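Please keep the sequence and the structure in view while reading.

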Amino acid sequence: MSVVRVERPAVLAGLPLGRHAVIEASAGTGKTFTLEHLIVEVLLTTDTRIDEILVVTFTERATSELRLRVREKLRALLAAGPAEHRPDLPAERAWDLDDAARERLRRALHGFDGATIATIHAFCQRILVEHAFPNRRLFAQELIDGREAFGRAFRAALREQLARDPEDRRWLRAALAAPDGLAALERGLYACHRER
């Protein structure tokens with residue numbers, strides 16, 4: 001197949017490929033656009049495979065959108081033909097899709113499910129599970145909310161320690177008699193826990 005020259009977004013000119021990148025900006029400023037094209041740039045200009053790229057976002061919505069957009073960008077570039085050919089563009093503003101570039105795009109699309117495009121907490125969960133044995137962790141781990149876990153531990157401590165110890169029982173009675181009782185005590189202790 002002949003070479004198809006497609007436009008390379010100008011935003012990529014300022015992003016170095018030889019090191020990590022953090023893209024931080026307000027909503028609607030083009031973070032997802034930049035990331036999807038940066039992934040394509042890495043795939044087309046280096047020997048990096050899609051499963052060697054790590055993209056971490058803050059929200060599940062951003063993760064879902066980015067995964068969808070990267071997959072669609074790979075498909076669109078693979079399907080690029082004479083209609084998308086831009087011979088007028090200088091080489092630094094374009095991607096030349098020759099047979100080798102198309103093969104890299106095909107491999108990336110084929111292995112796309114191995115791409116790590118995840119939220120921070122999902123990535124951390126994956127690392128904990130993948131490295132459970134050498135780190136002496138459980139193989140099956142559940143990601144739970146810290147506030148919820150604190151509440152469970154608080155109620156367990158009330159039942160198993162404070163309610164059983166005669167000395168502590170008077171403090172428990174005082175907490176129960178106060179306005180908002182145990183809920184206020186739990187909120188206060190959780191605030192102290194968060195502030196360390």
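A nonpolar core is a set of buried Ala, Val, Leu, Ile, Met, Phe, Trp, Tyr and Cys residues joined through side-chain atoms within 4.5 Å. The model discussed here is predicted.

**The nonpolar cores**

In this model, the largest nonpolar core has 27 residues. Those with the most contacts inside this core are Ile39, Ile50, Leu74, Trp95, Leu97 and Ile117. At least two residues of the core come from each of β1 (4-7), α1 (31-45), α2 (60-79), β3 (94-97) and α3 (99-110). The helix α1 gives the most, with seven residues. Leu74 illustrates how such a residue is surrounded: leaving aside residues up to four places away in sequence, Leu74 touches Val40, Leu43, Ile50, Leu105, Ala108, Leu109 and Phe112. Apart from this core lies another, of five residues, among them Phe150, Phe154, Leu158 and Tyr190.

Not counting residues up to four places away in sequence, Glu186 touches Arg147, Phe150, Gly151, Phe154 and Arg155. Glu186 has a relative accessible area of 12% and is therefore buried, since buried means under 20%.

The loop between α6 (166-177) and α7 (181-195) contains Asp180. The phi angle of Asp180 is near 70 degrees, a positive value in a residue other than glycine. Asp180 counts as partly exposed because its relative accessibility is 48%.

**The strand β2**

In a regular strand the side chains alternate between the two faces of the sheet. Strand β2, residues 54-57, includes Val56. The covered face of β2 carries Val55 and Thr57, while the uncovered face carries Leu54 and Val56. With 37% relative accessibility, Val56 counts as partly exposed. Leu54, Val56, Phe58 and Ile120 form a nonpolar patch on the surface, and together they have about 400 Å² of accessible area.

β2 pairs with strand β4 (residues 116-119) in the parallel sense over four bridges. Within β4, Ile117 is the bridge partner of Val55. Ile117 is also one of the residues with the most contacts inside the largest nonpolar core.

**Salt bridges**

Side chains of opposite charge can pair when their charged atoms come close. The structure holds 17 salt bridges, including those in the table.

| Salt bridge | N to O distance | Relative accessible area of the partners |
|---|---|---|
| Glu7 and Arg93 | 3.9 Å | Glu7 43%; Arg93 40% |
| Arg49 and Asp51 | 3.0 Å | Arg49 44%; Asp51 40% |
| Arg71 and Asp113 | 3.3 Å | Arg71 23%; Asp113 64% |

Which parts of the chain does the pair of Glu7 and Arg93 link? Glu7 lies in strand β1 and Arg93 in the loop between α2 and β3, 86 residues apart. Glu7, Arg86, Asp88 and Arg93 belong to one network, joined by salt bridges that share partners.

The salt bridge between Arg71 and Asp113 also spans the sequence. Because Arg71 lies in helix α2 and Asp113 in the loop between α3 and β4, this pair ties together parts that are 42 residues apart in sequence. Arg71 counts as partly exposed at 23% relative accessibility, whereas Asp113 is exposed at 64%.

Note on methods. Residues are numbered from 1 along each chain as its sequence is written. This is a predicted model: local features need pLDDT of at least 70, side-chain atom pairs count only at pLDDT 80 or more; totals for chains, interfaces and linings use all residues. Side-chain values use heavy atoms; hydrogens and water are left out. Buried means under 20% relative accessible area, exposed over 50%, partly exposed in between (1.4 Å probe, protein chains only). Contact means heavy atoms within 4.5 Å. Patches are made of residues with over 30% relative accessible area and no salt bridge: like charges are joined within 9 Å, nonpolar side chains (Val, Leu, Ile, Met, Phe, Trp, Tyr) within 5 Å. Accessible areas come from the Shrake-Rupley method with a 1.4 Å probe; for residues, only the protein chains shown count as cover. A salt bridge is a side-chain nitrogen of Lys or Arg within 4 Å of a carboxyl oxygen of Asp or Glu. Two strands pair if DSSP finds at least two bridges between them.
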